[in-house]
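Open the model in your viewer and keep the selection panel at hand. The stops below are meant to be taken in order.

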Amino acid sequence: MADCLFCGIAAGEIPADVVYRDDSVLAFRDIDPKAPVHILIIPRKHVAGVMDLEDEDGAIMGQAMTVARRVAADSGVSESGFRIVVNTGQDAAQSVQHIHLHLLGGRALSWPPG
Ligand code: AMP
């Protein structure tokens with residue numbers, strides 16, 4: 001989608017520190033990490049957010065979760081633990097309107113989130 005930052009990253013038009021890619025999903029390091037491990041996992045398909053998901057998107061989001069498992073293992077946090085977050089809408093401070101999983105780990109994470 002034109003003017004979408006993460007579509008630009010998925011297309012290779014905008015640089016990113018990519019740690020995993022396949023035909024449907026991309027994972028790259030967050031530019032402003034909130035934890036020692038902070039990786040974003042996105043579907044290549046443009047979906048603005050959770051409320052824009054269609055039934056047919058279930059498979060690709062399942063693939064994104066499977067990639068999160070792989071990236072967590074590759075990042076060394078599978079034993080220590082990690083958090084997967086999907087900020088959705090204004091109250092969650094979603095800032096990029098292309099659905100993404102945050103994978104956060106490498107330190108103790110407080111709960112509940114702020
Ligand atoms: P959210 O606030 O949940 O929409 O998360 C968007 C995330 O994208 C934030 O954690 C940003 O730091 C991150 N971000 C913004 N621009 C870039 C970029 N060019 N490359 C990597 N991560 C980015």
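Predicted model: local features only at pLDDT ≥ 70, side-chain atom pairs only at ≥ 80, totals over all residues.

**Stop 1: the largest nonpolar core**

Select Ala 27, Ile 41, Val 67, Val 71 and Leu 103. These residues have the most contacts inside the largest nonpolar core, which has 18 residues. Now colour strand E2 (25–29), strand E3 (37–43), helix H2 (58–74) and strand E5 (101–105), each of which supplies at least two residues of this core. Which element gives the most to it? Helix H2 does, with 7 residues. In soluble globular proteins, nonpolar side chains tend to be buried together.

**Stop 2: around Ala 27**

Centre the view on Ala 27 and leave aside its neighbours within four places in sequence. Ala 27 is then in contact with Asp 17, Val 18, Val 19 and Tyr 20, with Ile 39, Leu 40 and Ile 41, and with Val 67 and Val 71.

**Stop 3: another core**

Select Cys 4, Leu 26, Phe 28 and Ile 42. They are among the 10 residues of another core, which lies apart from the largest one.

**Stop 4: Cys 4 and Cys 7**

For Cys 4, the nearest cysteine sulfur is that of Cys 7, 3.7 Å away, whereas a disulfide needs the sulfur atoms within 2.5 Å. Cys 7 is likewise in no disulfide.

**Stop 5: the largest pocket**

Select Arg 83, Val 85, Leu 104, Pro 113 and Gly 114. Of the 16 residues that line the largest pocket, these are the closest to its centre. The pocket has a volume of about 430 Å³. Strands E4 (82–85) and E5 are the elements that give two or more residues to its lining. By class, that lining has 7 nonpolar, 5 polar and 4 charged residues.

**Stop 6: the second largest pocket**

Select Phe 6, Asp 30, Ile 31, Leu 40 and Val 96, the closest to the centre among the 21 residues that line the second largest pocket. About 360 Å³ of space lies in this pocket. Helix H1 (5–10) and strand E2 each supply at least two lining residues, and the largest share, 3 residues, comes from H1. The lining divides into 12 nonpolar, 5 polar and 4 charged residues.

Note on methods: Residues numbered from 1 in each chain as written. Heavy atoms only, no water. Core = buried A, V, L, I, M, F, W, Y, C linked by side-chain atoms within 4.5 Å. Buried < 20%, exposed > 50% of the residue type's maximum accessible area, 1.4 Å probe, protein only. Helix = DSSP H or I, 4+ residues; strand = E, 2+ residues; numbered from the N terminus. Contact = heavy atoms within 4.5 Å. 1 Å grid on protein atoms, 1.4 Å probe; cavity = no way out; pocket = protein on both sides within 12 Å on 5 of 7 lines; lining within 4 Å. Points joined across faces, edges and corners; volume = space filled by probe spheres on them. Nonpolar A, V, L, I, M, F, W, Y, C, P; charged D, E, K, R; others polar.
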